[in-house]
Amino acid sequence: MNGWTVAATATLAAGVGAAAWGVATGPLRRRVVAQNLSTSLACPALLLLSEGYDRPSYVDLALLLALLGPVGTLVFARLLAEDLAADPPRAWGLTYAVAGFGGVVVIAVCVAAGPGRALVKLLVVGALLIGGNLTASRALSGGFAGSRRG
Amino acid sequence: MDDPLIVVALVLVAVSATAAVAVRDPARQALVLAVLGTVLAVLFTVLQAPDVALSQLAVGSALTPLLIMLSVRKVRRPQRKKEADR
Amino acid sequence: MHHLLPVLVAVPLLGATLLVAAGRHLSRAVAETTGCFVAAGTAGLAIALLLNSSPPMTDWVGGWTPRGGEGVGIVLVGDGPGLGMAALASLLTVAALAYSWRYFDEPPRRHAGSFPALMLLFQGGMCGFAIAGDLFDAFVFFELMSVVAYALTGHRVEEPKAVQGALSFGVLNSLGAYAMLTGIALLYARTGELAMTKIGQGLDRHGGPDALTLAAFALVLTGLLVKAAAVPFHFWLPDAHAVAPTPVCMLLSGVMVELGAYGVWRVYRTVFSGPGGIPASDLERALVVLGVLTAAVGAVMCWYQRHVKRLLAYSTVAHMGLFLIGIGSLGAEADDGVALYILGHAGVKAALFACTGVLLDRYGSVDEHALHGRARELRAVAVLYVVGALSLAGLPPFGTGLGKAVLEEAVGGPLTVLFVAVSAVTAGAVLRVAARVFFGLGSRPGDESSYETTGIGEEPETRHRLSRAPGTMTAVPAVLLVGALAVGAVPGFATAVGHAVSGAAAPSPHWTLAGVLLGLTSTLLALALAALAVTHPKPLGESSWTVPLRRLQSGHIGDYVAWLLVGTTLLAALAAPGILGG
Amino acid sequence: MTRRTRLFVAALGGTGLAVLLVAACFCLPRFGGAQHPYGDRVVRASLARHTANTIASVNFDQRAFDTLGEMSILFASVLGTVVLLRQTRDEHRAAPEPEQVAVPVRRFALLVLPVAVVTGLYVIAHGQLSPGGGFQGGVVLATALHLLYLGVDYRALERIRPVGFYEIADALAASAYLVLGLAGLVAGTAFLANFLPYGTFNTLSSGGTVPLLNAAIGMEVACAVVVLLARFLDQAVEIEKGGEK
Amino acid sequence: MSVFPYLVAVWVFLVGCYGLVTSRNLIHAVGCLAVCQSSTYVLLLAVGYRDGATAPVFSDLKPGSRPVVDPVVQALALTDVVVGATVTAVLLALVLQISKLHGTVDPDELSELRG
């Protein structure tokens, strides 16, 4: 174990654990937010793990999750639009906190990686992670007008 | 095995799998399955299987939820229509 | 020659992909002809390989031949039983494709090639499973044939029963496959190998069997026995076979289910038969108990069906029980008997399904009561039906009769009674159907039963109801019955099968006086039962003691899964004593 | 069976199975043990063939026959879905309605789409070097296209997705895998033999036939998933019950 | 402690089976089947793990510098993931047709195939 993996363990236990609890219980508006946050928390955890294991190639995992996580949330935002329109989620504080955490992790990992091609990839991951998280949250709280079909 | 990381990942998998079964509404189950997919991917990373983790991410985070949600939508629609006709 | 083993899988798969690629621009006739030719070519290859299979071939795919006894690749085994099953599967695929020639419902728009392509994929999956010498590879091809079979079973998507039966089939078989994979993972953990013979050696090196061996055995066999429809894993079979399109039924009942039993045989022989595996007495107890249960339940349920395809499906269940007993008795003679029986049964059962398909497309019903006396004009089909029923009973010199006789001799003892009874009851039920439907014998039974599935109101599979059956639809069952006859009657064929299955050293299977007499006995019993049922419907009709048994077949996926769990436990419990006792 | 009997039967079987499996777990080798004979051989064989990602070497070289089966399963299930979800006689197609999507969401989808396509291609191309490969990249590619459905609307997706084209490409990619296998039989020694030069370790062209098979799988998976999702989208969005329109 | 991962796999399998038995919605049942299958991934990868080892991917690792985990189980699990996704798709397609033709996806209300 090193500092990176300890941080990853803490993120997983506290963050993803809470998200798993949130997605399993409560009203729908809470569940969709928890699903979104689960990917935006797992992604920094994967970055930390890549650094902790000293395997730069593991960054691909974080890249894919940062890319596809929000897509998954968009699926729910799109296909549950009618249910969500009646009871839209309001968890912007939490969303920004998680986005901030993601940003901190990305910066920390970037600093550790130093300049080079790896840095570009990390920055792309960071941009996708934060942008995706915020956009997905936006989509959840009324991103789709909720037409009957389409 | 003294790696708490593995234990945490395993516990998360066990918890989300249980939740995926316990949540009975298919749309909500799809949400839990999406989380289960992510958690499984984390577990696979921890078990040093990045290839499997990648395919689990690819399948579990967007593809399976999309398939299930499209099915839910199709199954619900006739019921909706009936309600609207009433 | 051994390099051609993987080609046995590659050719049908390539045919399927090309059919799909060109499917938009092909007319239906071209697509189906291509399908037939590819299937026939594969069958020819399988037979050519089979004729060269002594001594058995092995091929390491990709040229990964092991150095110093340690391989990393996948091994394919081309021995008599494996190539024999591949050849049988291929020949039946050809028969099914020929039967569906110009017959099937209009294909999906712009997908003329989809049905023959699925059949070719099915063929490829079955061939791959039959020649797999690697346990995980066997799992992959097992899944391939399963997935194709789900889609083919649900092919008639406008039939409520078809999609429901296909879903039960899919869920149960997938769960069984996952159990099998869990078992494979356990075996890999213990031995660090995946090639079947290597796993067996690894188990032996580890010492005597323990809980892990037992669990792996129970789990792997669960997957295979779900496919083989052993009680209590059998519930999906009647639901699926009763609703699948007729050409698909011919393949499902004729060879896919038998491949499950073949898998049990193969896996036990290569993996668990050593000192580190499951003792022979335990396997015998497990398979004979399950086999007897399967045979009894299948025969009883078969007798009480009025939906003709369901009736045939249950008769498959009953015969699977007999095959499992044969495999469980672990002897060269029993193996020969099972092989001959499977060959004969495949021809007979496929022919009976094919004839039932004619009924379905002519009258839009497969209900024994509703069709009473209506099929008098189908004389050729009537003859085929009766001949099929008689050979199902084991009438000499059909292959079924020879297989049954050899098997009875090998098993011996009180189980002989079961063999005679099961073949008599199932054949009697088919004869009863023939007597009522084709000859209008007896009084028309009333519709007193409300619980069971009837065969009324089935959609014909052709575009319009047939006014007369096309030549292929009667020619195919006739050819299949001739094949079943040839298995038992052509001199030297049985000897060849015996050599292919258990080597040239073992005594070759042949007709004996006792076998002929037992075959005649069960045929006469079947005739008597059918006559009694037609003339006096009451005493052999609905009886209250079967009601609980019939309620178990509820069509509910949850029930079936619960029984699957019980079955795995039962399997482990039956195999446990020898292991616990050391 | 009633729900209670069903639960009872399941409890009976489940308990037995649980006891069996837990007992088996305690007989398994210790978690994290060092005994992996097959694995060690595989790593050596992979390095001997200049394939940096051992898993790619297993999938596309040493156990390429499994991948053939896996690909056929995917191909078969797509074909099966096409057949199962075909439009039946009593159904008609209704034109999908345009969707109102919030501007930031729409912008995000259109921005991420090219990034996702590039990532998918990258994951496929580096399959024999770093984690990833045809399957993972193919799914990403297919998912990327569906951002158009999620972020814009169904009609935008339909414009860039001629399903027939993807079906043919799917079948051709699958046959390419088979043809490469047969080429091994003709040119080399055995079916699916790695008959090309192995190249320089850790470069894009290393591994002989591995990158080719990998690319075939990538194309097959991408097209297969597009067709699969197209069937489901058709059902969920377009196909409705009722007579001909 | 050295069996905990295996026990998690067993738990996930049994929980999935429980879900299948008690499910009141076929889409949910298909989801439960996916849960059952995820137990096989966990078991396979747990079997292949080696203490202190890393992935046998040598693009950023000098061969032989660190112990590596078993790649075979990873290849098997990869195949398994694909199989799982495709089986889910085919079964969902069947559920869609059931819902169209029967008007319900509750297995308790499907009673066409009996006896």
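**View 1. Helices α4 and α10 of chain C, side by side.** Helix α4 (residues 114-131) of chain C packs against helix α10 (residues 246-272) of chain C at an angle of about 25°, and their axes are 10 Å apart. That makes α4(C) roughly parallel to α10(C), a label for angles under 35 degrees, with over 145 called roughly antiparallel, 65 to 115 roughly perpendicular and the rest oblique. Axes here are lines fitted to C-alpha atoms, for helices over the stretch in contact, with angles from 0 to 180 degrees between N-to-C directions. Helices (H or I, at least four residues) and strands (E, at least two) are DSSP runs numbered from the N terminus. The α4(C)/α10(C) crossing is left-handed, that is, the near helix is turned anticlockwise from the far one by less than a right angle (clockwise would be right-handed). On the α4(C) side, look for C:F122, C:M126, C:F129 and C:A130, which meet C:L251, C:V255, C:M256, C:L259 and C:Y262 of α10(C). Sorted by class, this contact has nine nonpolar, no polar and no charged residues. Nonpolar covers Ala, Val, Leu, Ile, Met, Phe, Trp, Tyr, Cys and Pro; charged covers Asp, Glu, Lys and Arg; the others, Gly among them, are polar.

A quick note for every view: this is a predicted model, where local features need pLDDT of at least 70 and side-chain atom pairs count only at pLDDT 80 or more, while totals for chains, interfaces and linings use all residues. Residues are numbered from 1 along each chain as its sequence is written, and chains are lettered from A and ligands numbered from 1 in the order in which they are written.

View 2. Helix α1 (residues 4-22) of chain B and helix α2 (residues 26-48) of chain E cross at roughly 160°, with axes that come within 9 Å. That makes α1(B) roughly antiparallel to α2(E), and the crossing is left-handed. B:V13, B:A17, B:A20 and B:V21 of α1(B) make the contact with E:G31, E:C32, E:V35, E:S38 and E:V42 of α2(E). The tally is seven nonpolar, two polar and no charged residues.

**View 3. Helix α15 of chain C, mostly covered.** In α15(C), 12 of the 13 residues are buried, among them C:L402, C:K404 and C:E408. Just after α15(C), C:G412 takes a positive phi of about 65°.

**View 4. Where chain C meets chain D.** Of the eight pairs of chains that touch, C and D have the most contacts, a contact being two residues whose C-beta atoms, placed from the backbone, lie within 7 Å. Here 63 residues of chain C are in contact with 62 residues of chain D. On the chain C side, α5(C) gives the most, with 10 residues. That side has 38 nonpolar, 16 polar and nine charged residues.

**View 5. Chain D against chain B.** In this interface, 18 residues of chain D are in contact with 15 residues of chain B. α10(D) supplies the largest share of the chain D side, six residues. The chain D side divides into 11 nonpolar, seven polar and no charged residues. Chains B and C, by contrast, have no contact, and their closest C-alpha atoms lie 14 Å apart.

Technical notes:
A residue is buried if 20 or more other C-beta atoms lie within 10 Å of its own, exposed if 12 or fewer, and partly exposed in between; C-beta atoms are placed from the backbone.
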